[in-house]
There are 2 protein chains.
Amino acid sequence: MSADSGLGALREEIDAIDGELLALLARRRGAVERVAAHKKAHGLPVYHPSREEDLITDRRARALAAGLPPDCVEDVFRRLLRESRVQQGRETARHAVRPGARVLLVGGDGAMGRCLRRWFEDAGYEARVLDRGDWPRARTLAAGCDAAIVSVPIDRTESVVAQVSGVLPPECVLADITSVKAGPVRAMLAAHAGPVLGLHPMFGPTTHTLDKQIVVAVEGRAPERCSWLLEQLAAWGAVVMPATAEEHDEAMAVVQALRHFATFAFGQFLERRRVDLRRTLDFSSPIYRLELAMVGRLFAQDPDLYAEIIFATAERRALLAEYAASLHANLPMVEAGDREAFHREFMRIAEWFGPFGDQAIRESTYLIDKLVERF
Amino acid sequence: MSADSGLGALREEIDAIDGELLALLARRRGAVERVAAHKKAHGLPVYHPSREEDLITDRRARALAAGLPPDCVEDVFRRLLRESRVQQGRETARHAVRPGARVLLVGGDGAMGRCLRRWFEDAGYEARVLDRGDWPRARTLAAGCDAAIVSVPIDRTESVVAQVSGVLPPECVLADITSVKAGPVRAMLAAHAGPVLGLHPMFGPTTHTLDKQIVVAVEGRAPERCSWLLEQLAAWGAVVMPATAEEHDEAMAVVQALRHFATFAFGQFLERRRVDLRRTLDFSSPIYRLELAMVGRLFAQDPDLYAEIIFATAERRALLAEYAASLHANLPMVEAGDREAFHREFMRIAEWFGPFGDQAIRESTYLIDKLVERF
């Protein structure tokens, strides 16, 4: 048998097996569809972490027994589980915790406002939009509303809160989705006597599924009358993370402002030096490719969104100045090529990172494998 | 039917389908094993990019026809293809381009040296180690060698090259795997009259497969007599990327020194501020989680490896100083909260990034999905 014809026959065999695999995947999808219908009918949540982990543990054990590599089998089933959540989510997205309730979207013509509107309307809520031009009709729009969600840029949040609270029914939940929480929650509590809830969805308007997306929730007033809104987010697949406004803002200064500023400054330097990106990618390790993708991603998005995040508060701006000073303070060590000083500093930081290092290696190795797999 | 028993029956159905899936995956693995044996017997390469792309295109089309989401099906088959390359690679790793050739590993007791030794020995080469204590026997070890690969820290590469070249047979290929190339290649050409090859493997000693890993190759002298070494790397699954020493070093200053220094400085600042990592992760977007994993990964590794990369040359150290100054120059804008200036700067950089932005969004979105899927 020649090299080519032998390989050809084997490839035909693999193609046939893959055909059977696809047929099974289609059968599996049918079964998942019936699970989704069942969950919808009984008001059960889409994401069931312990069922998923049990399933993965079982499939890994069966893989081992069948002589298959368990990591590969786990990856395949994780991918199928994600698809199954998305598929079920599409069904349950139409499930309203409070069907027919009226939700006023203040700033509803913005990107996040439009995104919320779609979610609420698809679930059978009555979504009303109050944007810049609608203030003359504000009282009519607000009449009978069960919730008002303020979705405007940070620097206008507090003034819009003051303005809208004048027309809200006293029982209406007043919420905002701004990426800082202390100021807006304080402003909502001062302006509105009814239930108050601060939200920060950790995703952008282009997100096509709320599957496992985090929404930080800051209690304002009368949490028992705000809970249906949080239950609705959970029904859409989101993970609601309670926090105080202060701890949220402190964490966000790092998670958003500092991290985005560092990424901005790195991209800025690449541009100043006119670095040949393509050529660096030719030579790159998967890590660099991944990091460069993060930089490129920032500059492919809306500058004003980033300006808003980076410059939100005086505390954030002070933190960034501190960061620049801290980075700059390494220059004597760098210029002297002082490896001993670097070693000492590195070890001190490594010790502080502690067990997080293991998690970081595990997660980043997984992603690097995924990157190598795909590109 | 109650909510629980209905769901139970559906889950049993899914479990049964998954059992059939696993059986098919095992059959597929058997077929891939026969492909591997066939490729080994006929000396064919493991990685066949066009066959893989054809397969993906076909499976996507069949998925669409079967009402399955093509992206999910593509992910599943990419994962199976990776496993299949690893599986085949394990077979072909034992395939030697020049069986029985003698390879002298200078610095062979270091981490990369031990890694190379394992690869060469598994493929049926005679690997000899020449480390610090072995210099008295250097002439004996070098006798009859077909290649000598210098694998020592950057700052010792040139002196070790000078030392070892005195004992090498004139026809022996002299190569190095240092992460800078201009100095070492110049040193090898000056010290050795025979074939010379500069290599830079873009992976670390813990890499368990060379599958799609990049190795930069800088021509020194007599490339036709070095080619078997490059063919061997390709046979192991690596992608050999030719470059001049100068373009390699210029790109690496960014890919390695600058990027690692930026990551170091970010982790350093987190430590100085005693940022609560766990809490930031609770609130984090997948992007932050990914970026923090990259920082944690660095500090979980060897400080001296990073010191070596960051401080390698005076040009690199100057580049880092320039970067710190560039980042620092943003402070007036940050302190003034000057969003207009930020907007202008952002747009200028975004324009320079140009079409890379699309690629960055595509790659990072894929990885974010993978991260959400897994953790």
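## Contact between the chains

Two residues are in contact when heavy atoms of one lie within 4.5 Å of heavy atoms of the other. By that rule, in this predicted model, 165 residues of chain A are in contact with 165 residues of chain B.

The size of an interface is often given as the accessible area lost when the parts come together. Here the area buried between chain A and chain B amounts to about 16,800 Å², and carbon and sulfur atoms account for 68% of that area.

## Confidence in the model

The mean pLDDT of chain A is 91, with 98% of the residues of this chain reaching 70 or more. For the model, both ipTM and pTM are 0.79.

## Polar and charged links across the interface

Between chain A and chain B, 30 salt bridges are counted. One of the pairs joined in this way is B:R28 and A:D18, whose side chains meet with a distance of 2.7 Å from N to O. Polar contacts across the interface of chain A and chain B number 42 residue pairs, with both residues of each pair at pLDDT 80 or more.

Which element of chain A supplies the largest share of the side that touches chain B? That element is helix α1 of chain A, residues 3-42, which contributes 27 residues. Sorted by class, the side of chain A that touches chain B comprises 89 nonpolar, 51 charged and 25 polar residues.

## Symmetry of the two copies

Chain A is superposed on chain B by a rotation of 180 degrees, with 0.0 Å of shift along the axis and an RMSD of 0.1 Å. The two copies are therefore related as by a two-fold rotation axis. Which residue of chain A comes closest to the rotation axis? It is A:V76, whose C-alpha atom is at 2.8 Å from the axis.

## A residue in chain B: B:R114

B:R114 belongs to helix α4 of chain B, which covers residues 111-122. Leaving aside residues up to four places away in sequence, B:R114 touches B:G108 and B:D109. Along the chain, B:R114 and B:G89 are 25 residues apart, and their C-alpha atoms are separated by 19 Å.

How values were computed. Residues are numbered from 1 along each chain as its sequence is written. Chains are lettered from A and ligands numbered from 1 in the order in which they are written. Side-chain values use heavy atoms; hydrogens and water are left out. Buried area is the accessible area (1.4 Å probe) that two parts lose on being put together, summed over both. A salt bridge is a side-chain nitrogen of Lys or Arg within 4 Å of a carboxyl oxygen of Asp or Glu. A polar contact is a pair of N or O atoms within 3.5 Å; within protein, one must be able to donate a hydrogen and the other to accept it, and residues adjacent in sequence count only if both atoms are side-chain atoms. Helices (H or I, at least four residues) and strands (E, at least two) are DSSP runs, numbered from the N terminus. Ala, Val, Leu, Ile, Met, Phe, Trp, Tyr, Cys and Pro count as nonpolar, Asp, Glu, Lys and Arg as charged, and the others, Gly among them, as polar. Copies are superposed by least squares on the C-alpha atoms of residues with pLDDT of at least 70 in both. pLDDT is the predictor's confidence in each residue, from 0 to 100.
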